[in-house]
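Work through the exercises below with the model open. Try each task before reading its solution.

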Amino acid sequence: MAIEKKGLKALVIGGTGMVGRQLLDLLIADSRFSEIAAFTRHNTGFDDLKLTEHFVDFGDPATWRELLEGDVLFSCLGTTRKQAGGKLRQYEVDFTYQYNFAAGAAGNGVPAYVLVSSAGADANSLFFYTRIKGELEEKVVKLPFENISILRPTQLYGKRDDKRPGEEMALSTVRSMNKLGIMRDKRPVNARTVAAAMVEAAVHSHGCNIYKISDIRRLSSWYNDHMIEHHPEQSIIATTEI
(Lines give C-alpha, C1' and ligand atoms only; values in the text may rest on other atoms or scores of the structure.)
Protein backbone atom coordinates (compact mmCIF):
# COMPACT_ATOMS: atom_id res chain seq x y z
CA MET A 1 0.00 0.00 0.00
CA ALA A 2 1.30 3.46 -0.91
CA ILE A 3 1.83 5.87 1.95
CA GLU A 4 -0.93 8.33 2.81
CA LYS A 5 -0.99 11.64 0.96
CA LYS A 6 -1.65 14.07 3.79
CA GLY A 7 0.14 15.02 6.98
CA LEU A 8 3.35 13.30 5.95
CA LYS A 9 6.66 13.66 7.74
CA ALA A 10 9.75 13.69 5.52
CA LEU A 11 13.26 12.79 6.65
CA VAL A 12 16.01 14.25 4.47
CA ILE A 13 19.75 13.68 4.22
CA GLY A 14 21.78 15.64 1.73
CA GLY A 15 19.60 18.73 2.08
CA THR A 16 22.46 21.16 1.42
CA GLY A 17 23.39 19.65 -1.95
CA MET A 18 22.14 20.63 -5.39
CA VAL A 19 19.22 18.18 -5.44
CA GLY A 20 18.67 18.34 -1.69
CA ARG A 21 18.06 22.07 -1.61
CA GLN A 22 15.53 21.81 -4.40
CA LEU A 23 13.88 18.94 -2.56
CA LEU A 24 13.54 20.94 0.66
CA ASP A 25 12.08 23.86 -1.27
CA LEU A 26 9.45 21.61 -2.86
CA LEU A 27 8.60 19.81 0.38
CA ILE A 28 8.07 23.12 2.18
CA ALA A 29 5.65 24.21 -0.56
CA ASP A 30 3.80 20.87 -0.70
CA SER A 31 0.73 20.68 1.56
CA ARG A 32 0.92 16.87 1.64
CA PHE A 33 3.95 17.22 3.93
CA SER A 34 3.36 18.77 7.34
CA GLU A 35 6.80 18.06 8.85
CA ILE A 36 10.34 17.93 7.50
CA ALA A 37 13.37 16.77 9.47
CA ALA A 38 16.70 17.54 7.79
CA PHE A 39 19.79 15.75 9.08
CA THR A 40 22.79 17.87 8.23
CA ARG A 41 26.21 19.15 9.24
CA HIS A 42 25.44 22.71 8.08
CA ASN A 43 22.51 25.08 8.06
CA THR A 44 20.25 24.37 5.08
CA GLY A 45 19.45 28.04 4.53
CA PHE A 46 15.69 27.51 4.85
CA ASP A 47 13.53 29.05 7.56
CA ASP A 48 10.08 27.49 7.78
CA LEU A 49 7.88 26.20 10.60
CA LYS A 50 7.60 22.81 8.88
CA LEU A 51 11.37 22.31 8.90
CA THR A 52 13.48 21.05 11.80
CA GLU A 53 17.24 20.84 11.33
CA HIS A 54 19.19 18.18 13.21
CA PHE A 55 22.92 18.88 13.18
CA VAL A 56 24.50 15.45 13.37
CA ASP A 57 27.70 13.46 13.11
CA PHE A 58 26.89 11.11 10.23
CA GLY A 59 29.57 8.74 11.43
CA ASP A 60 27.91 8.20 14.83
CA PRO A 61 24.49 6.53 14.31
CA ALA A 62 23.85 6.34 18.05
CA THR A 63 23.39 10.13 18.10
CA TRP A 64 20.66 10.26 15.42
CA ARG A 65 19.10 6.80 14.97
CA GLU A 66 16.23 7.42 17.40
CA LEU A 67 15.30 10.60 15.53
CA LEU A 68 14.51 8.66 12.36
CA GLU A 69 10.74 8.59 12.71
CA GLY A 70 8.45 9.59 9.88
CA ASP A 71 6.82 8.48 6.65
CA VAL A 72 9.61 8.67 4.08
CA LEU A 73 13.38 8.99 4.05
CA PHE A 74 14.78 11.01 1.15
CA SER A 75 18.46 10.28 0.54
CA CYS A 76 20.39 12.63 -1.73
CA LEU A 77 23.70 12.74 0.07
CA GLY A 78 26.81 12.71 -2.07
CA THR A 79 30.28 14.06 -2.66
CA THR A 80 33.17 13.90 -5.11
CA ARG A 81 36.54 12.28 -4.60
CA LYS A 82 38.19 15.71 -4.61
CA GLN A 83 35.78 17.18 -2.07
CA ALA A 84 36.01 14.12 0.14
CA GLY A 85 39.79 13.91 0.02
CA GLY A 86 40.13 10.47 -1.54
CA LYS A 87 38.31 7.28 -2.44
CA LEU A 88 37.95 5.96 1.09
CA ARG A 89 36.31 9.13 2.33
CA GLN A 90 34.05 9.33 -0.74
CA TYR A 91 32.95 5.74 -0.13
CA GLU A 92 32.15 6.60 3.47
CA VAL A 93 29.90 9.49 2.45
CA ASP A 94 28.29 7.98 -0.63
CA PHE A 95 27.83 4.45 0.70
CA THR A 96 28.32 4.05 4.44
CA TYR A 97 26.47 7.15 5.63
CA GLN A 98 23.57 6.62 3.27
CA TYR A 99 23.24 2.93 4.04
CA ASN A 100 23.38 3.49 7.79
CA PHE A 101 20.62 6.08 7.59
CA ALA A 102 18.50 3.78 5.44
CA ALA A 103 19.02 0.85 7.79
CA GLY A 104 18.19 3.03 10.79
CA ALA A 105 15.00 4.33 9.21
CA ALA A 106 13.88 0.87 8.13
CA GLY A 107 14.60 -0.46 11.62
CA ASN A 108 12.42 2.29 13.11
CA GLY A 109 9.50 1.39 10.84
CA VAL A 110 9.73 4.24 8.33
CA PRO A 111 7.67 2.80 5.45
CA ALA A 112 9.13 4.54 2.40
CA TYR A 113 12.60 5.30 1.06
CA VAL A 114 13.65 7.42 -1.92
CA LEU A 115 17.25 7.36 -3.11
CA VAL A 116 19.04 9.45 -5.72
CA SER A 117 21.46 7.07 -7.39
CA SER A 118 23.01 7.50 -10.83
CA ALA A 119 22.63 6.38 -14.41
CA GLY A 120 24.91 3.41 -14.93
CA ALA A 121 24.82 2.32 -11.29
CA ASP A 122 26.30 -1.18 -11.17
CA ALA A 123 28.02 -2.97 -8.30
CA ASN A 124 30.36 -4.57 -10.88
CA SER A 125 31.19 -1.35 -12.70
CA LEU A 126 34.79 -0.59 -13.59
CA PHE A 127 34.16 3.01 -12.56
CA PHE A 128 34.42 3.79 -8.85
CA TYR A 129 31.50 6.24 -8.71
CA THR A 130 28.94 4.02 -10.46
CA ARG A 131 30.21 1.01 -8.51
CA ILE A 132 29.50 2.77 -5.20
CA LYS A 133 26.00 3.62 -6.40
CA GLY A 134 25.40 0.05 -7.51
CA GLU A 135 26.62 -1.39 -4.21
CA LEU A 136 24.33 0.94 -2.29
CA GLU A 137 21.35 -0.01 -4.44
CA GLU A 138 21.98 -3.72 -3.89
CA LYS A 139 22.11 -3.25 -0.13
CA VAL A 140 19.15 -0.93 0.41
CA VAL A 141 16.68 -3.01 -1.62
CA LYS A 142 17.15 -5.75 0.99
CA LEU A 143 15.99 -3.49 3.83
CA PRO A 144 12.41 -3.95 5.12
CA PHE A 145 10.85 -0.82 3.66
CA GLU A 146 7.32 -1.12 2.30
CA ASN A 147 8.15 1.14 -0.65
CA ILE A 148 11.55 1.81 -2.22
CA SER A 149 12.14 4.26 -5.06
CA ILE A 150 15.57 4.50 -6.67
CA LEU A 151 16.14 7.31 -9.17
CA ARG A 152 18.94 7.04 -11.71
CA PRO A 153 19.36 10.50 -13.25
CA THR A 154 21.81 11.40 -15.98
CA GLN A 155 24.29 14.22 -15.30
CA LEU A 156 22.75 16.89 -13.10
CA TYR A 157 22.81 20.61 -13.64
CA GLY A 158 21.56 23.50 -11.56
CA LYS A 159 22.72 25.91 -8.89
CA ARG A 160 25.78 24.83 -6.89
CA ASP A 161 27.74 26.65 -4.21
CA ASP A 162 30.98 24.98 -5.24
CA LYS A 163 32.68 25.03 -8.64
CA ARG A 164 33.28 21.71 -10.38
CA PRO A 165 35.23 22.43 -13.58
CA GLY A 166 35.33 18.78 -14.63
CA GLU A 167 31.56 18.41 -14.39
CA GLU A 168 30.99 21.73 -16.15
CA MET A 169 33.23 20.66 -19.03
CA ALA A 170 31.45 17.30 -19.33
CA LEU A 171 28.08 19.05 -19.24
CA SER A 172 29.14 21.41 -22.04
CA THR A 173 30.36 18.48 -24.14
CA VAL A 174 27.15 16.48 -23.74
CA ARG A 175 25.01 19.52 -24.52
CA SER A 176 26.97 20.13 -27.70
CA MET A 177 26.48 16.53 -28.76
CA ASN A 178 22.77 16.71 -27.91
CA LYS A 179 22.38 19.68 -30.26
CA LEU A 180 23.77 17.47 -33.01
CA GLY A 181 21.23 14.79 -32.19
CA ILE A 182 23.82 12.57 -30.49
CA MET A 183 23.43 10.93 -27.05
CA ARG A 184 19.92 12.28 -26.54
CA ASP A 185 19.30 9.53 -23.99
CA LYS A 186 22.18 10.99 -21.96
CA ARG A 187 20.70 14.50 -21.81
CA PRO A 188 21.56 16.24 -18.51
CA VAL A 189 18.66 16.80 -16.14
CA ASN A 190 17.85 19.76 -13.93
CA ALA A 191 18.24 19.07 -10.21
CA ARG A 192 14.78 20.50 -9.56
CA THR A 193 13.26 18.00 -11.98
CA VAL A 194 14.89 15.17 -10.01
CA ALA A 195 13.68 16.63 -6.71
CA ALA A 196 10.11 16.82 -8.00
CA ALA A 197 10.31 13.22 -9.18
CA MET A 198 11.52 12.18 -5.72
CA VAL A 199 8.45 13.68 -4.08
CA GLU A 200 6.08 12.14 -6.59
CA ALA A 201 7.73 8.73 -6.21
CA ALA A 202 7.44 8.94 -2.42
CA VAL A 203 3.74 9.66 -2.54
CA HIS A 204 2.63 7.25 -5.26
CA SER A 205 5.15 4.44 -5.71
CA HIS A 206 4.38 0.94 -4.48
CA GLY A 207 6.92 -1.80 -3.86
CA CYS A 208 10.46 -1.49 -5.17
CA ASN A 209 10.97 0.65 -8.28
CA ILE A 210 13.98 1.85 -10.24
CA TYR A 211 13.37 5.00 -12.26
CA LYS A 212 15.56 5.87 -15.24
CA ILE A 213 15.75 9.30 -16.84
CA SER A 214 12.55 9.04 -18.90
CA ASP A 215 10.68 7.93 -15.77
CA ILE A 216 12.17 10.79 -13.77
CA ARG A 217 10.91 13.35 -16.26
CA ARG A 218 7.49 11.69 -16.29
CA LEU A 219 7.25 11.73 -12.49
CA SER A 220 8.32 15.38 -12.45
CA SER A 221 5.59 16.23 -14.94
CA TRP A 222 3.01 14.50 -12.76
CA TYR A 223 4.26 16.41 -9.75
CA ASN A 224 3.96 19.67 -11.64
CA ASP A 225 0.40 18.78 -12.64
CA HIS A 226 -0.46 18.13 -8.99
CA MET A 227 0.97 21.45 -7.85
CA ILE A 228 -0.78 23.37 -10.62
CA GLU A 229 -4.07 21.78 -9.54
CA HIS A 230 -3.65 22.23 -5.79
CA HIS A 231 -1.28 25.20 -5.55
CA PRO A 232 -1.92 27.28 -8.70
CA GLU A 233 -0.41 30.35 -7.03
CA GLN A 234 3.04 28.77 -6.95
CA SER A 235 5.52 28.17 -9.77
CA ILE A 236 7.03 24.98 -8.42
CA ILE A 237 9.01 23.41 -11.24
CA ALA A 238 9.64 26.08 -13.86
CA THR A 239 12.77 24.39 -15.19
CA THR A 240 14.07 24.56 -18.71
CA GLU A 241 15.25 21.15 -19.85
CA ILE A 242 17.72 21.07 -22.74
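A contact means heavy atoms within 4.5 Å. This is a predicted model, where local features need pLDDT of at least 70, side-chain atom pairs count only at pLDDT 80 or more, and totals for chains, interfaces and linings use all residues. Residues are numbered from 1 along each chain as its sequence is written, and side-chain values use heavy atoms, with hydrogens and water left out.

**Exercise 1. The whole chain**

Task: Describe the protein chain by its elements, contacts and surface.

Solution: 
- Step 1. Count the elements. The protein chain has 7 helices and 9 strands. Helices (H or I, at least four residues) and strands (E, at least two) are DSSP runs, numbered from the N terminus.
- Step 2. Take the contacts between residues at least 6 apart in sequence. Of these, 70% join residues at least 24 apart.
- Step 3. Find the buried share. Buried means under 20% relative accessible area, exposed over 50%, and partly exposed in between (1.4 Å probe, protein chains only). Buried residues account for 50% of the 242 residues.
- Step 4. The chain exposes about 11800 Å², with 52% of it from carbon and sulfur atoms. The areas come from the Shrake-Rupley method with a 1.4 Å probe; for residues, only the protein chains shown count as cover.

**Exercise 2. Aromatic pairs**

Task: How many aromatic pairs are there? Characterise F58 with Y97, then Y113 with F145.

Solution: 
- Step 1. Set the rule. Rings of Phe, Tyr and Trp (its six-membered ring) pair if their centres lie within 6.5 Å; planes under 30 degrees apart are stacked, over 60 edge-to-face, and the rest tilted. The count comes to 8 aromatic pairs.
- Step 2. F58 and Y97 are stacked, at 5.7 Å centre to centre with 25° between the planes. F58 sits in the loop between β3 (51-55) and β4 (72-75), and Y97 in helix α3 (residues 87-107), so this pair links parts of the chain 39 residues apart. Both F58 and Y97 are buried.
- Step 3. Y113 and F145 are also stacked. Their centres are 5.0 Å apart, with 10° between the planes. Y113 belongs to strand β5 (residues 112-116) and F145 to the loop between α4 (128-140) and β6 (147-151), so the pair ties together parts 32 residues apart in sequence.
- Step 4. Check burial. Y113 is buried at 0% relative accessible area. F145 is buried at 9%.
- Step 5. Look for a cluster. F39, F58, W64, Y97 and F101 form one.

**Exercise 3. Around F145**

Task: Which residues does F145 contact, leaving aside its neighbours within four places in sequence?

Solution: 
- Step 1. F145 is in contact with A102, A105, A106, V110, P111, A112 and Y113.
- Step 2. Compare sequence with space. F145 and A103 are 42 residues apart in sequence and 9.3 Å apart C-alpha to C-alpha.

**Exercise 4. Charges over rings**

Task: Which rings lie under K87 and K139?

Solution: 
- Step 1. Apply the rule: NZ of Lys or CZ of Arg is within 6 Å of the ring centre and within 35 degrees of the ring normal.
- Step 2. The charged end of K87 sits over F128, 5.1 Å from the ring centre. K139 lies over the face of Y99, at 5.0 Å from the ring centre.

**Exercise 5. Two helices**

Task: At what angle do α6 and α7 cross?

Solution: 
- Step 1. Axes are lines fitted to C-alpha atoms, for helices over the stretch in contact, and angles run from 0 to 180 degrees between N-to-C directions.
- Step 2. The axes of α6 (residues 191-204) and α7 (residues 213-230) come within 7 Å and cross at roughly 75°. α6 is therefore roughly perpendicular to α7 (the class covers 65 to 115 degrees; under 35 is roughly parallel, over 145 roughly antiparallel, the rest oblique).
- Step 3. List the interface. Residues of α6 including V194, A197 and A201 meet residues of α7, among them I216, L219 and W222.
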